[in-house]
Amino acid sequence: DICNKSPVPVSVISYGRPVLMISRFQINSNYLGRNFEDRRNLAMIPENERELVVFRATKAFDITREKNAEIQVNRLIADLVAAPNPVEEYKLLLNRKKSIGQPFTFNYYGELH
């Protein structure tokens, strides 16, 4: 458990569109910015970032409403780097009276194999 063993303060990204894949291959520019899906129907969009192609999830990973006593951190972080409208998403996160929809927890409840 990183949270309990870390000698320094820990922060956790609890909201954002994580990088799912990074590649050095050059993708045809016609495919940049288009949706791709894997066999689990996880949608992602490739974009050029410097000399790399970065695939980010199209739907925001959101564990902001999860309650887990084992996770003790100094900060919860919202990563809005890939948000289509970061200001609006930030406002929705601040005002939790409005629903962002069904939270996408990606593999939060999954097991690593």
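Four salt bridges are counted here, a salt bridge being a side-chain nitrogen of Lys or Arg within 4 Å of a carboxyl oxygen of Asp or Glu. Before we look at them, note that this is a predicted model, in which local features need pLDDT of at least 70 and side-chain atom pairs count only at pLDDT 80 or more, while totals for chains, interfaces and linings use all residues. Residues are numbered from 1 along each chain as its sequence is written, and side-chain values use heavy atoms, with hydrogens and water left out.

One of the salt bridges joins the side chains of R17 and E89, at 2.7 Å from N to O. This pair links distant parts of the chain: R17 sits in the loop between strand 1 (11-16) and strand 2, and E89 in helix 2 (residues 86-94), 72 residues apart. Helices (H or I, at least four residues) and strands (E, at least two) are DSSP runs, numbered from the N terminus. R17 counts as buried because its relative accessibility is 9%, and E89 is also buried, at 10%; buried means under 20% relative accessible area, exposed over 50%, and partly exposed in between (1.4 Å probe, protein chains only).

Other salt bridges include R40 with D38, whose closest N and O atoms are 2.6 Å apart; R40 is exposed at 58%. R56 and E49 also meet, at 3.5 Å, with R56 buried at 15% and E49 partly exposed at 32%.

Setting aside neighbours within four places in sequence, A60 is in contact (heavy atoms within 4.5 Å) with Y15, G16, R17 and F104.

Finally, let's turn to the backbone. Most residues other than glycine have a negative phi. Which phi does N41 have? N41, not a glycine, has a positive phi of about 65 degrees. N41 lies in the loop between strand 3 (36-37) and strand 4 (43-49) and is exposed, at 57% relative accessibility. R50 likewise has a positive phi, near 60 degrees. R50 belongs to the loop between strand 4 and strand 5 (52-57), and its relative accessible area of 85% makes it exposed.
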